[in-house]
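Work through each task before reading its solution.

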Amino acid sequence: MNPILSLFLLLAVFFLPSDRLTRKAHKIHQRILTLDTHADAPINMVKDGFDVGERHDRVRDKSQIDFPRMKEGGMDAMFFAVYLAQGPRTPEGHAEAKARALAIFKSIDAALKKHPDQAELATTPADAYRIEKAGKRAVFIGMENGYPVGEDLAMLKTYYDLGCRYITLAHFANNAICDSATDPDGPLYNGLSDFGKKVVPEMNRLGILIDVSHISDKSFYDVLALSKAPVIASHSNVRALCNFPRNMTDEMIQALAAKGGVIQVNFVTDYLRKPSDEHRQALNSIRMAGVGRVVTPEMRARLDAKEDSIQKRYAYERASVADIVKHIDYIVRLVGIDHVGIGSDFDGGGGVNGLEDVSEIEALTLELVRKGYSEQDIAKIWGGNLLRVLGQAKVPQ
């Protein structure tokens, strides 16, 4: 953004009465296409009795996403994540992960078939705009953690055919593809594995975006060196503002942008604001509890209860909508308006004061307007940048 124009817009916005500012933000929010690249709605969708086509209560149902609340908030499109925590790196572990991933794809397909009047599967940028124009929600599919790929390259085509359009190569622990940024045992391959070096070009060939959120710094640079298509960070923040290995350094963001990619800012408090050491240790104990293990429903319930207790204890450290925009501002100043987007991580830990679920996402548009961003800039942040990169995911062979 031009610095002089930026200052002019900021001064103009500053002197707008708050009600006029709210109306302006509402009109912009209604006109643009809004897209969130990381939503963990399937975590609830696979539960017995949960219907994503019905409105749920955020607190009672522990749910931040459903089709009615997407419509209420003006959320046009979301990438629903096929998420698997990292389990054993064994043939049996990989087989179980594939079976569970296929079950999640099936649950998404069943929900869309049950509610064709509310939402449709999207796999291309054109789909998103067409579905938005029809007044429905566009559901893209991403995969968080390449664990269900196992060591079988053919699974990439299987997932692509089911609608998957990005894969986060790893999660909180190393897998067969690459090192994670947070594995307590440290790196396994010092970057991509030999198998991972085959995964990258195959994803390019198919047209699956490579997602570098969660992977180690060395894995990130290995991916950039190999990929012939732009890559994304579907839900990552700025390490200079919040020093955590899941976030990206300035040099990483610059390298991502130089290749045409996009970093999608997320709404998880401890990636937005540096928590106290005690808070971070408590959160990490939960995140790592299931690594390399099969998490039973009983264990999941215990971990959820522990996380609720931690959130209440450290509520005073919770981030705000302004903190989200601080990360957006930083990225825009570093690499420009064309390389930033939104990946909330709703239903997976995302949510800040003033933006608790998908029905409240207009609060972010309001804060962007308050900070002086133009409608064109906001349209890029809220989906335009990501859709541009999605259109470049398939590399001619």
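**Exercise 1.** How many salt bridges does a search of the whole structure find?

*Solution.* The model is a predicted one. A search of the whole of it gives 23 salt bridges.

**Exercise 2.** Lys114 and Asp51 meet in a salt bridge. Work out which parts of the chain the pair links, and whether each residue is buried or exposed.

*Solution.* 
1. The side chains come together at 2.9 Å, N to O.
2. Lys114 lies in helix H6, while Asp51 sits in the loop between helix H3 (42-45) and helix H4 (58-61); the two are 63 residues apart, so the pair links distant parts of the chain.
3. Exposed means over 50% relative accessible area and buried means under 20%.
4. Lys114, at 55%, is therefore exposed, and Asp51, at 10%, is buried.

**Exercise 3.** Find where the salt-bridge partners Lys98 and Asp152 lie, and classify both by accessibility.

*Solution.* 
1. The closest N and O atoms of this salt bridge are 3.9 Å apart.
2. Lys98 is in helix H6 and Asp152 in the loop between S4 and H8, 54 residues apart.
3. With 19% relative accessibility, Lys98 counts as buried; Asp152, with 30%, is partly exposed.

**Exercise 4.** Which residues of helix H8 are buried, and what do they pack against?

*Solution.* 
1. H8 covers residues 154-161, and Met155, Leu156 and Tyr159 are buried in it.
2. Down the helix axis, these buried residues fall within an arc of 105°, so they line one face of H8.
3. They pack against helix H6 (91-114), strand S4 (137-144), strand S5 (164-168) and helix H9 (196-206).

Methods
Residues are numbered from 1 along each chain as its sequence is written. This is a predicted model: local features need pLDDT of at least 70, side-chain atom pairs count only at pLDDT 80 or more; totals for chains, interfaces and linings use all residues. Side-chain values use heavy atoms; hydrogens and water are left out. Buried means under 20% relative accessible area, exposed over 50%, partly exposed in between (1.4 Å probe, protein chains only). Helices (H or I, at least four residues) and strands (E, at least two) are DSSP runs, numbered from the N terminus. The arc is that of the directions from the helix axis to the C-beta atoms. Contact means heavy atoms within 4.5 Å. A salt bridge is a side-chain nitrogen of Lys or Arg within 4 Å of a carboxyl oxygen of Asp or Glu.
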